[in-house]
Amino acid sequence: MKNILVIHGPNLNLLGTREIDVYGNVTIADINILMEKKAKAMNVSLNIVQSNHEGEIVEAIGNARGKFDAILINPAAYTHTSIAIRDAISAVNIPTVEVHLSNIYKREEFRHISLVAPVAVGQISGFGEQSYVLGLEAIMELLDK
Ligand code: CA2
């Protein structure tokens, strides 16, 4: 069975409580249930973590080598700022898919740049919680090849 590490970045634990106009009223727990359902159907195992700390995310990625076949990450605000997360993904050499709930290209200009995208296999942005499901599908296609 394939093992996938899922990382939710900073403030995603607040989903469903504020900024409902941007992110909808879905909570992180709802997203995790949706992903677990998909994972079960695809016969893959998920390890889901959320952190508000850049260093913790870097460590989770660094420790993934040898344990996970792929990484699904919503780096949240670190998408636009974190060379450390980008370098960690590049260093572990584990296929990584970047996902976003919102379409980051439709929003403020500072969100149009992803430092992670160049080291990811690809990016899925703008489909709400379905971005995560699509991300899992993309990973499975990739691993099946
Ligand atoms: O659209 C996405 O998934 C984002 O990664 C979400 C990040 C944002 O910084 C990125 O530009 C795009 C923000 C996640 C935090 O979401 C909040 C939810 C509720 C209240 C406050 C923030």
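Because the model is predicted, local features need pLDDT of at least 70 and side-chain atom pairs count only at pLDDT 80 or more, while totals for chains, interfaces and linings use all residues. Residues are numbered from 1 along each chain as its sequence is written, and side-chain values use heavy atoms, with hydrogens and water left out.

Strands here are DSSP runs of E with at least two residues, helices are runs of H or I with at least four, and both are numbered from the N terminus.

Which strands does β3 pair with? Strand β1 (residues 2-8) runs parallel to β3, with five bridges between them, and strand β4 (residues 96-100) is also parallel to β3, joined by three bridges. Two strands count as paired if DSSP finds at least two bridges between them.

Together with helix α4 (residues 83-92), β3 and β4 form a right-handed β-α-β unit. Right-handed means that, with the strands pointing away from the viewer, the path from the first strand over the helix to the second runs clockwise.

**Asparagines and a valine**

Asparagine 74 sits in strand β3, and its side chain reaches the backbone nitrogen of alanine 76 at 2.9 Å. That is a polar contact: a pair of N or O atoms within 3.5 Å, where within protein one must be able to donate a hydrogen and the other to accept it, and residues adjacent in sequence count only if both atoms are side-chain atoms. Leaving aside neighbours within four places in sequence, asparagine 74 is in contact (heavy atoms within 4.5 Å) with residues including His8, Val99 and Tyr132.

Two other asparagines are in loops: asparagine 11 between β1 and α1 (20-23), and asparagine 93 between α4 and β4. Most residues other than glycine have a negative phi, yet asparagine 11 has a positive phi of about 75° and asparagine 93 one of about 55°.

Valine 119 lies in the loop between β4 and β5 (122-125). Beyond its neighbours within four places in sequence, valine 119 touches Arg86, Ile89 and Ser90.

| Residue | Relative accessibility | Class |
|---|---|---|
| Asparagine 74 | 3% | buried |
| Valine 119 | 25% | partly exposed |
| Asparagine 11 | 49% | partly exposed |
| Asparagine 93 | 67% | exposed |

**The nonpolar cores**

A nonpolar core is a set of buried Ala, Val, Leu, Ile, Met, Phe, Trp, Tyr and Cys residues joined through side-chain atoms within 4.5 Å. The largest one has 23 residues, of which Ile4, Met35, Leu46, Leu72 and Tyr132 touch the most other members. Two or more residues each come from β1, α2 (28-42), β2 (44-50), β3, β4 and α5 (130-144). Helix α5 gives the largest share of this core, five residues. Another core of 15 residues lies apart from it, with Ala64, Ile73, Ala88 and Ile94 among its members.

Terms used:
Buried < 20%, exposed > 50% of the residue type's maximum accessible area, 1.4 Å probe, protein only.
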